[in-house]
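Please open the structure in your viewer and keep the sequence panel beside it. The tour below goes from one selection to the next and says what can be found at each stop.

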Amino acid sequence: MIVVARAYLGLILVFLYAPIIVMGVMSLNASEFYALPFDFSTEWYERLFANEEVLAASWRSVWIALVVATVATTLGTMASLALWRHDFPGKRILQALLFPPIAVPWLIIGTAMLVFFFGIGLGRGTPAVVLGHVALALPYVIITVTARMQSFDRALDEAARSLGARSWTVARKVILPYASPGIIAGWLFAFAVSFDQFVVSYFLAEPGDSTLPVLIYTAIRKGFTPEINAIATIIIAVSMTLMIVAARFARFGGTR
Amino acid sequence: MTEVRVEGLTKAYGPAKALDEVTLTFPDGGFFGLLGPSGSGKTTLLRAIAGFVTPDTGRIWLGDQAVERVPVEDREIGMVFQSYALFPNMTVAENVAFGLEVRRIPGPDRTRRVVEALDLVQLGGYGGRKPSELSGGQRQRVAMARAIVTRPRVLLLDEPLSALDRALRVDMQIELKRIQREVGITTIFVTHDQEEALTLSDRIGILRDGRLVREGTPRAVYDDPQDAFTARFLGEANVLTGLPEAGGLRLADGTLLPGVTTPAIALRPEALAFAVPPPDTPHRLQARLAQRIFSGATGTLVLDWQGQRLKLTASERDLLDLPAEGSPLWLHWPAAAALALRDAG
C-alpha cells in the first residue's frame, strides 16, 4: 500500500517537474538543437546577459513587481484588517466580491482592463500595467492576511487597551506584529503574481516597453533559441523560491 | 487606594438583560468574588467595570471618578484574561513592560519595576523567554505581573484559573491571594467555581439572570443563604419545603419542625447526623438509605425521603455502622443547623 502511494506521489512529482528539469538541463547544453549527448556550456546564459533587450525587460519586470507587491500589500493589509476588525452593512457581500477576480480568465480581465483604461484615457503603458497587476494581486494579499488574523485572540487587543494603549499603539505593537507573517507572505505572493503575469501585461504594456514574460513570448514567435531556456530557468528559480518562502510564512501544509 | 462602586447598572442585549439594576460596592483593597452560573451577568459586570461593555444606564465609580464615559485605555485598570492574552511576539519582560512603555515610564525605572513585578510572581530570571516557552501556571503569573506592574486602581480577573488543571489551580489560588495581599490593589474576580470563590474572596456577590442575589462575606452567605438558589449554588444543600403553621413548618410526611417560620429550610449535608433508633429531638426525619458513596476522607450517604434525594456527608469513620442499603434511617440535626429560606427555589 505504502509502495503504491509512494509511486503515485513520485509520478505526480515527475509529471510536474520533468519538463522544467529538461528545460533547465537544456539551458546548459551547448547544442542549439537539443542534441545529445549533453555537452555542458554556459553559452546561453552568457548570451542572455549580453542581450540589452532582455536585461531591460527583466529589470522592468522586477521593479514593476516590487511596486505592485508593495502597493497591493499596503492596500490589502489595510483592507483585511478593516474587514477583520469591523462589522458593517454589506461586509459579507464585499468579502464575497474579492474572490471572483481570481477565477475570471486573465484573457477576459486583460481585455476588460484594456477597454477600461482606454475608456478613462489612461491607455496602454507602464502605469496601466502596474494598476492591472495591483488589482490582480490584491485578493491574494487579502486572503493571506485574513487567514493569519483568523487565529488572533481578541483578548490580546483588549489586554493591550486595558494596559493603556490607544488604538494606534495596539495596531503597531500588537496587531501588525501578529499579522506580519501573513503580510510578508502576501507581499511575496503579490510579487510572484506580478512577476509571472503574462496575459494582462501583454494587453496593457506598450510595444518596446514590455515585461520579461511578454518579451519571451515575442522571442518565441520569432524563433526558439536555448536562450529562452536560460531565462525561463532563472524565472522559475526566482518564482519557486518566492513561493517556498511565502509558504513558510503563511504556514501552508501544516505548522512546524 | 480605590473603592469601586456600581449603581443601578443595566445592560440589555435585545430583550435579554445581562445586567439588571446591579448596585454593589467593592471595598478598597478587598478581594471580591463575583459568582454565578453561566449567563448570570458576572462577566458582563466585570467587562463593564473594565470598559469593554457600555452600560445602558447606571454609574460606575473608580474611587471618586465616574468612568462610564471613560475609554478602557484611560481607566487605569489591570486585567487578567481567561486565555492570559500574553503578546506572543514579545518576551516575558516585554509583556510586563508594555503598560509602562505606553505610560512613557523612563527606561531604568521601567526595568526596575519589571524585575520587581516578576520577582513578586516568582518568575525572576524568566524575563527573556517567550510566552510559548512557559507552562500554563507560569503564563498565568506573567499575566498577573503585567496587570499589576502599572499599579492600577483596580485589578480585574476573568476566570483567571479556569484553564489550569486542578492541582495547579489550588496552588495558584494560594499564590493569587498572596500576591493580592502584597500589592493591596482592589481586586474583582469572576468565577463559576464556588470553591474558588470561597477560598479567595473577602466578600462575594452572587448573580443570577443579571440580578445581584446576595452579597457578603463567604462565611455569612454560606451560613445564612436566605434563598434556595444561593443555598444550592454556594455549597450543597438539602432544601426542605412545607407549610408554615403556628407551631413551626409542616413537611409533606407530617413532620412538624418547631421554631421554623419560613416556608423552606436548607440543611447542609455536613450538618446532618443519622441514627437507627428514633433520636430524641423534634428536628428529625425518617428516610431510607439509598446509596453510600466512598470518596476518601469523607463519605456521602444518599437518602430517599418522600421521593426527594437528601445528602449527608461525614468523616469516613463515622459511617462504619450502617444498616443495609434500602433500610429506614433517621436523620437529625441541631436546631441551629436549619437555615431559614424565604423561598423554595
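Two residues are said to be in contact if their C-beta atoms, placed from the backbone, lie within 7 Å. Helices (H or I, at least four residues) and strands (E, at least two) are DSSP runs, numbered from the N terminus, and two strands pair if DSSP finds at least two bridges between them. Axes are lines fitted to C-alpha atoms, for helices over the stretch in contact, and angles run from 0 to 180 degrees between N-to-C directions.

This is a predicted model, in which local features need pLDDT of at least 70 and side-chain atom pairs count only at pLDDT 80 or more, while totals for chains, interfaces and linings use all residues. Residues are numbered from 1 along each chain as its sequence is written, and chains are lettered from A and ligands numbered from 1 in the order in which they are written.

**Stop 1: the four-stranded sheet of chain B**

Begin with chain B and select the strands E2, E1, E4 and E5, which form an open sheet in that order with antiparallel pairing. Strand E2 (16-26) and strand E5 (65-66) of chain B are the edge strands, each pairing on one side only. Now colour strand E1 (residues 4-13) and strand E4 (residues 57-62) of chain B, an antiparallel pair held over five bridges; within this pair, B:Val4 stands opposite B:Leu62.

**Stop 2: the six-stranded sheet of chain B**

Next select E6, E7, E8, E3, E9 and E10 of chain B, which in this order make an open sheet of six strands with mixed pairing. Why is one side of E6 and of E10 of chain B left without a neighbour in the sheet? Strand E6 (77-80) and strand E10 (211-216) of chain B stand at the edges and have a single partner strand each, so one side of each has no neighbour there. On average, and with direction ignored, neighbouring strands of this sheet are turned by 20° against each other.

For a parallel pair, pick strand E7 (residues 154-158) and strand E8 (residues 186-191) of chain B, which are joined by five bridges, and find B:Val154 opposite B:Thr186 in E8(B). Helix H4 (residues 136-148) of chain B packs on the sheet and touches E6 and E7 of chain B, with a direction that makes about 170° with that of E6(B).

Then move to strand E9 (residues 203-208) of chain B, which runs antiparallel to E10(B) and is joined to it by five bridges; here B:Ile204 has B:Gly216 as its bridge partner. E9(B) and E10(B) form a hairpin with two residues between them, and B:Asp209 in the turn has a positive phi of about 50°.

**Stop 3: two further hairpins of chain B**

Further along chain B, select strand E16 (residues 284-295) and strand E17 (residues 298-305), which run antiparallel and are joined by seven bridges. B:Arg292 stands opposite B:Leu301 in E17(B), and in the turn of this hairpin, which has two residues between its strands, B:Gly296 has a positive phi of about 95°.

E17(B) also pairs in the antiparallel sense with strand E18 (residues 308-315) of chain B, over eight bridges, and B:Trp305 has B:Gln308 as its bridge partner. The hairpin of E17(B) and E18(B) again has two residues between the strands, and B:Gln306 takes a positive phi near 55°.

**Stop 4**

Now turn to chain A, whose secondary structure comes to 12 helices and zero strands. The C-alpha trace of chain A spans about 70 × 60 × 30 Å along its principal axes.

Colour domain 1 (1-41) and domain 2 (52-250) of chain A separately; such bounds come from an automatic or database domain assignment. Taken over C-alpha atoms, the centres of these two domains of chain A are separated by 31 Å, and seven residues of domain 1 are in contact with seven residues of domain 2.

**Stop 5: where the chains meet**

Finally, show both chains together: 18 residues of chain B are in contact with 15 residues of chain A. On the side of chain B that touches chain A, E6 and helix H2 (92-102) of chain B each supply at least two residues.
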